[in-house]
Amino acid sequence: MKTAQNFGLMYMLLAIIQILICNYCQFSPLLVLSVLPVMILCLPLSVGTIPAMLIAFATGLAVDWLSEGLLGLNALSLVPVAAVRKPIMQLFFGKDLIDRKDSLSFRKNGFGKISAAILTFHAIFLAIYITADGAGMRPFWFNLARFGISEASGYLISVIVASSLIPDDKK
Amino acid sequence: MFRKGNIIIFIVNAAIFILLEVAAFVMLRNNGQMQDIWISRGVHSFMANVWGCTENIRHYFSLKKENDALAERIYRQEQTIRKYREITGKDFAEDSIPETVGNFRYIPASVAKTGRNSQHNYLIISKGSKDGIVKMSGIITEKGVLGIIDAVGKNYSYGRSFRNSDMTISARIGHEGAVGAISWDGLSSNGAILREVPQHILLHAGDTVYTSGFSSIFPPDIPLGIIGEYKVENGATYEIKVELFEDFSSIRYVTVVNNVSTEEISELENR
């Protein structure tokens, strides 16, 4: 119970950090810094797909609402991440983890697999975010460069966020 | 193997996913001008594909009827050519059919979609600017007038249907009779009202109404329908019910016609 409460508080804190990032950390038009995908990845596996999608929608909407961005953009990009969360986790960590509703752990699941999952989640999020943000007006090379830069920088932040959200590794 | 429970869960997940994404799209559309254009373009493109598919399916199942109608039309046109050949003594080579006859250019087209459930009906024609369609061209068949092109895209054109409460066409009773203005009656699929025909004109139920050719949009002598009941309106002119030849509910092939002298006529009018 305490773990769940801690996770909830941590989740809300990270959402606030994301709002601050959106408002004050716009270094370049080529860079989209987001910790939202990894927050969805780290949701406990006892949370089903529908609640995960609703959480993703609410989180995305809250970030959109309280930051200077377009309302609906983060929500639009984050819901698909939540929708494919379990299949992707099953792909990287196996069916056992899903069936046992076990927690993610760097120690048990390995840094490589978690990194791959983070990159995949982040790639899905960014692909939708950059496409919708560009609205077909920006050249392909720009979107590609934006995707590459954002994926690389987002991965680094996401690893830090994951290590704070995954409960086993804090002990 | 999917179990029944899994399928239901999958459907519910998919439904909620679609619902949330649609909500996000709506918000995005309302908040970003670029996104609004992008989403609208995507939606229109999707709708055009859906229309195309459904119309193709519908047309496939009406092919026999279409073929019979086309065969009948070809027969009648061949007979007309034979008649002209006999009168003029000239041969009409089939490989030299001109697109322009007189002042009018004729472009064959097919109907991609028709709106026929309101007072403001429309037609989407599967030819656009790249095929030479221009704004304010007429849409006709051999059985009558269908509408006027209002907007032209690259591949498709949007036409206002004759079945619009505010559309009026100049019409003539017989080939040389009185001229009036014909418009849709707003009720039936093949009913129209011919107005502004002077009271002294002798009318006969069953007479054919043709386009007058007084507008620069439609060529003269396209049969429109036959006269039905009539009454005197305002004590001066007739209000004549016309039963149209064209059945608007089963239009497939049309001809787009545009007056090649429109610019010259407009210039003269503006002097």
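Ile226(B) stands opposite Glu243(B) in β12(B). That pair is a handy way into this predicted model, where chain B has four helices and 13 strands and chain A has nine helices and zero strands. Helices here are DSSP runs of H or I with at least four residues, strands are DSSP runs of E with at least two, and both are numbered from the N terminus.

Residues are numbered from 1 along each chain as its sequence is written, while chains are lettered from A and ligands numbered from 1 in the order in which they are written. As the model is predicted, local features need pLDDT of at least 70 and side-chain atom pairs count only at pLDDT 80 or more, but totals for chains, interfaces and linings use all residues.

**The barrel in chain B**

- Let's stay with that opening pair: β11 (residues 223-233) and β12 (residues 237-244) of chain B are antiparallel partners, with seven bridges. Two strands pair if DSSP finds at least two bridges between them.
- Both strands belong to a closed barrel of six, which goes β7-β8-β9-β12-β11-β10 in chain B with antiparallel pairing. On average, neighbouring strands of this sheet are turned by 45° against each other, direction ignored; the axes behind such angles are lines fitted to C-alpha atoms, for helices over the stretch in contact, and angles run from 0 to 180 degrees between N-to-C directions.
- β7 (residues 168-173) of chain B runs antiparallel to β8 (residues 179-184) of chain B, and five bridges join them. Look for Ala171(B), which sits opposite Gly180(B) in β8(B).
- The β7(B)-β8(B) hairpin has five residues between the strands, and Gly174(B) takes a positive phi near 70° there.
- β7(B) also pairs with β10 (residues 208-211) of chain B, in the antiparallel sense and over three bridges. Here Arg172(B) faces Tyr210(B) in β10(B).

**Where the chains touch**

- Chain B puts 16 residues into the contact, and chain A puts in 16 residues too. Two residues are in contact if their C-beta atoms, placed from the backbone, lie within 7 Å.
- On the chain B side, α1 (4-31) and α2 (33-61) are the elements that give two or more residues. α1(B) gives the most, with 11 residues.
- That side of chain B splits into 11 nonpolar, four polar and one charged residue. Ala, Val, Leu, Ile, Met, Phe, Trp, Tyr, Cys and Pro count as nonpolar, Asp, Glu, Lys and Arg as charged, and the others, Gly among them, as polar.

**What's packed inside**

- In chain A, 34% of the 171 residues count as buried; in chain B, the figure is 23% of 271 residues. Buried means 20 or more other C-beta atoms within 10 Å of the residue's own, with C-beta atoms placed from the backbone.
- The largest nonpolar core has 44 residues, and Ile40(A) and Val79(A) have the most contacts inside it. Such a core is a set of buried Ala, Val, Leu, Ile, Met, Phe, Trp, Tyr and Cys residues joined through C-beta atoms within 7 Å.
- Leaving aside neighbours within four places in sequence, Val79(A) touches residues of both chains, including Met53(A), Phe57(A), Phe17(B) and Leu20(B).
- A second, separate core has 37 residues, among them Phe162(B), Ile169(B), Ile173(B) and Ile240(B).

Key:
A residue is buried if 20 or more other C-beta atoms lie within 10 Å of its own, exposed if 12 or fewer, and partly exposed in between; C-beta atoms are placed from the backbone.
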